[in-house]
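Trainee: I am new to this structure. Please take me through the nonpolar core and the salt bridges, one step at a time.

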Amino acid sequence: MNQLYLECYSGISGDMFVASLLDLGASKEVLEEVLSSLSLTGFKTEITRVNKSGLDACDFNVILDHDNHDHDMNYLYGEHTHHEHHHHHEHRHLHDILHIIDHAQMTDHAKELAKKIFTILGEAEAKAHGTSIDEVHFHEVGAVDSIVDIISAAVCFDDLGIDEVYIPVIYEGTGTVHCAHGTLPIPVPAVNNIVSSHHLPIHIDTIKGELVTPTGAAIAASIVTSHTLPSTFTIKKTGIGAGKRAYERPSLLRAMLIETDPRHQ
């Protein structure tokens with residue numbers, strides 16, 4: 001029985017999750033093979049080691065092509081034109097994304113998980129914007145980096161063969177965040193909806209900033225099996241994934257493969 005404990009004291013995002021699983025030993029080769037099979041262009045990924053507060057961590061970075069990145073930012077800030085819409089197809093709907101997943105070279109289990117994460121994310125974004133899941137087509141669900149993060153999360157999770165996932169608490173910050181639609185409160189509405197629909201245990205900390213991204217929340221919701229850590233366990237292996245944001249607390253996600261002794265439950 002492979003048991004995973006996610007320690008989310010500085011939140012959770014897609015890239016932090018992927019990095020923590022790679023650090024735990026998920027196969028980079030398997031991941032790279034899947035990513036190269038995607039009918040998706042304009043990106044590359046980079047896996048590096050970084051030092052955060054003196055700790056050695058893994059960093060997973062999705063790098064978008066210059067052109068691609070620009071139009072994503074334009075879309076984010078509402079400057080795109082009708083012409084660009086047709087030219088770039090940046091408005092991906094859920095069915096487009098499910099199609100990409102179906103045609104990728106990944107296991108059935110990884111495909112199912114990737115679809116589940118996207119569906120949870122799509123439902124939450126649709127609810128936040130008062131639209132239906134079939135109509136959701138804005139940057140959060142459509143962006144190349146979200147697609148790559150979520151597919152990578154599913155592939156690495158599947159590769160490690162994890163059966164149970166403990167997430168006792170997810171820390172979130174406070175304040176507001178700027179997005180295409182204006183200023184949003186933290187947790188952003190999509191995160192709020194996921195936390196609410198999936199009963200994720202959340203702790204609002206005094207840190208200013210968005211610690212939990214919609215992608216991170218959707219991943220947590222799709223894999224969690226228990227909110228109560230076993231009273232005693234041994235830690236077999238630890239992986240640390242680095243976040244990109246600089247808050248007063250270092251942005252790190254620790255993922256531990258743990259083992260419980262059935263006699264001590």
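Mentor: Start with the largest nonpolar core of this predicted model. It has 71 residues. Those with the most contacts inside it are L4, L6, F17, L21 and I151. Helix 8, residues 144-160, gives the most to this core. Its share is 11 residues.

Now pick out F17. Leave aside its neighbours within four places in sequence. F17 is then in contact with L6, I12, A153, F157, I219, I223 and L253.

Next, the charged side chains. Side chains of opposite charge can pair when their charged atoms come close. The structure holds 7 salt bridges. Let us look at some of them.

Take K244 and D15. They form a salt bridge, with the closest N and O atoms 2.9 Å apart. K244 lies in the loop between strand 9 (234-242) and strand 10 (252-259). D15 lies in helix 1, residues 14-24. The pair therefore ties together parts that are 229 residues apart in sequence. Buried or exposed? Check each partner against the cut-offs: buried is under 20% relative accessible area, exposed is over 50%, and partly exposed is in between. D15 has 13%, so D15 is buried. K244 has 42% relative accessibility, so K244 counts as partly exposed.

R49 forms a salt bridge with D23. The closest N and O atoms are 2.8 Å apart. D23 counts as buried, because its relative accessibility is 17%. R49 is partly exposed, because its relative accessible area is 45%.

Now return to the loop between strand 9 and strand 10, where R245 lies. The side chains of R245 and E210 meet in a salt bridge, at 2.9 Å from N to O. E210 lies in the loop between strand 8 (202-208) and helix 10 (214-223). So the pair ties together parts that are 35 residues apart in sequence. E210 has 10% relative accessibility, so E210 counts as buried. R245 has a relative accessible area of 36%, so R245 is partly exposed.

Terms used:
Residues are numbered from 1 along each chain as its sequence is written. This is a predicted model: local features need pLDDT of at least 70, side-chain atom pairs count only at pLDDT 80 or more; totals for chains, interfaces and linings use all residues. Side-chain values use heavy atoms; hydrogens and water are left out. A nonpolar core is a set of buried Ala, Val, Leu, Ile, Met, Phe, Trp, Tyr and Cys residues joined through side-chain atoms within 4.5 Å. Buried means under 20% relative accessible area, exposed over 50%, partly exposed in between (1.4 Å probe, protein chains only). Helices (H or I, at least four residues) and strands (E, at least two) are DSSP runs, numbered from the N terminus. Contact means heavy atoms within 4.5 Å. A salt bridge is a side-chain nitrogen of Lys or Arg within 4 Å of a carboxyl oxygen of Asp or Glu.
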